[in-house]
Amino acid sequence: MFFSRRIEHCQVCGTRVEYRIPADDNRERAVCPACQHIHYVNPLNVVGTLPIWEDKVLLCKRNIEPRKGLWTLPAGFMELGETTEEGAVRETDEEAGARIQVLGLYSVLNVVTAGQVHFFYRAKLLDTDFNPGPETMEARLFTQAEIPWDELAFRTVRMTLQNYFDDRREGQFGIHCADIR
Ligand code: ZN
């Protein structure tokens, strides 16, 4: 889910860009010296789910870089034309081949360092017949005791899982917001 978003060449004409503060702006942008196109790069939304079956959580073992071989909740970049919830359901289908009922928004995590906002929805699995897509080596259920804490792919996944097990012990599920800088 992480990659460098620094622009080197103009997306319109291909000329090497210059970084400078355009007139009437207050931060550096990639500006094309040939066609004057200004590139605005804004944070991306990553949408995913926390799929639950009885006392277990569904995790996916990543088959792609970055963090290949590590475990994640099903999540990926939001696409144009969909809502955050629709994107989360789509990613759960694509990465795990899992059918879910969404229960509600669960965590909103600003990953400031990566220029991303991660949204996770709490969801109930409708069955345990998984069919992982090419981005996933394996999709399986874990009890709290089985969670591979040292082999999780992303900090936002770790935070969401920790919040979930804390909330489950308390018997109530709120919405969790946190910032990673
Ligand atoms: Zn240009």
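**Stop 1: the zinc site**

Select the zinc ion and its donor atoms. The four donors subtend angles of 101 to 121 degrees around the zinc ion, which makes the arrangement tetrahedral. Bear in mind from here on that this is a predicted model.

Now label the donors. They are the SG atoms of Cys10, Cys13, Cys32 and Cys35, at 2.3 Å from the zinc ion. Along the chain, the donors of the zinc ion keep the spacing C-x2-C-x18-C-x2-C. Pick out Cys10 and Cys35: the pair links distant parts of the chain, 25 residues apart. Cys10 sits in the segment before β1 (18-20). Cys35 sits in the loop between β2 (29-31) and β3 (38-39).

Cys35 has a relative accessible area of 33% and is partly exposed.

**Stop 2: the three-stranded sheet**

Switch to cartoon and select β1, β2 and β3. These three strands form an open sheet, in the order β1-β2-β3, with antiparallel pairing. β1 and β3 stand at the edges with a single partner strand each, so one side of each has no neighbour in the sheet.

Zoom in on β1 and β2. Three bridges pair them in the antiparallel sense.

**Stop 3: strand β4 and its partners**

Select residues 44-53, which make up β4. How many residues of β4 are buried? Seven of the 10 are, so β4 is mostly covered.

- β9 (116-125): β4 and β9 run parallel and are joined by nine bridges. Select Val46 and its bridge partner in β9, His118.
- β7 (75-77): β4 and β7 run antiparallel, with three bridges between them. Select Val47 and its bridge partner in β7, Gly76.
- β5 (56-62): β4 and β5 run antiparallel, joined by two bridges. Select Ile52 and, opposite it in β5, Val57.

**Stop 4: Thr143**

Select Thr143. Where does Thr143 lie? It is in the loop between β10 (136-142) and α2 (155-170). The relative accessible area of Thr143 is 17%, which is under the 20% cut-off, so Thr143 is buried. Show what surrounds this residue. Leaving aside neighbours within four places in sequence, Thr143 is in contact with Asp55 and Lys56.

**Stop 5: helix α1**

Select residues 84-96, helix α1. α1 has 13 residues. From first C-alpha to last, α1 reaches 18 Å, close to the 18 Å expected at 1.5 Å a residue.

Colour the buried residues of α1: Gly87, Ala88, Arg90, Glu91, Thr92, Glu95 and Ala96. What do they pack against? Their partners are β4, β5, β7, β8 (100-111), β9 and β10.

Gly97 follows α1, and its phi is positive, near 60 degrees.

Note on methods. Residues numbered from 1 in each chain as written. Predicted model: local features only at pLDDT ≥ 70, side-chain atom pairs only at ≥ 80, totals over all residues. Heavy atoms only, no water. Donors = N, O, S within 2.8 Å, 3.2 Å for Na, K, Ca; no water. Tetrahedral: all angles 85-135°; square planar, octahedral: opposite > 155°, others 65-115°. Helix = DSSP H or I, 4+ residues; strand = E, 2+ residues; numbered from the N terminus. Buried < 20%, exposed > 50% of the residue type's maximum accessible area, 1.4 Å probe, protein only. Contact = heavy atoms within 4.5 Å. Expected span 1.5 Å × (residues − 1). Pairing = 2+ DSSP bridges.
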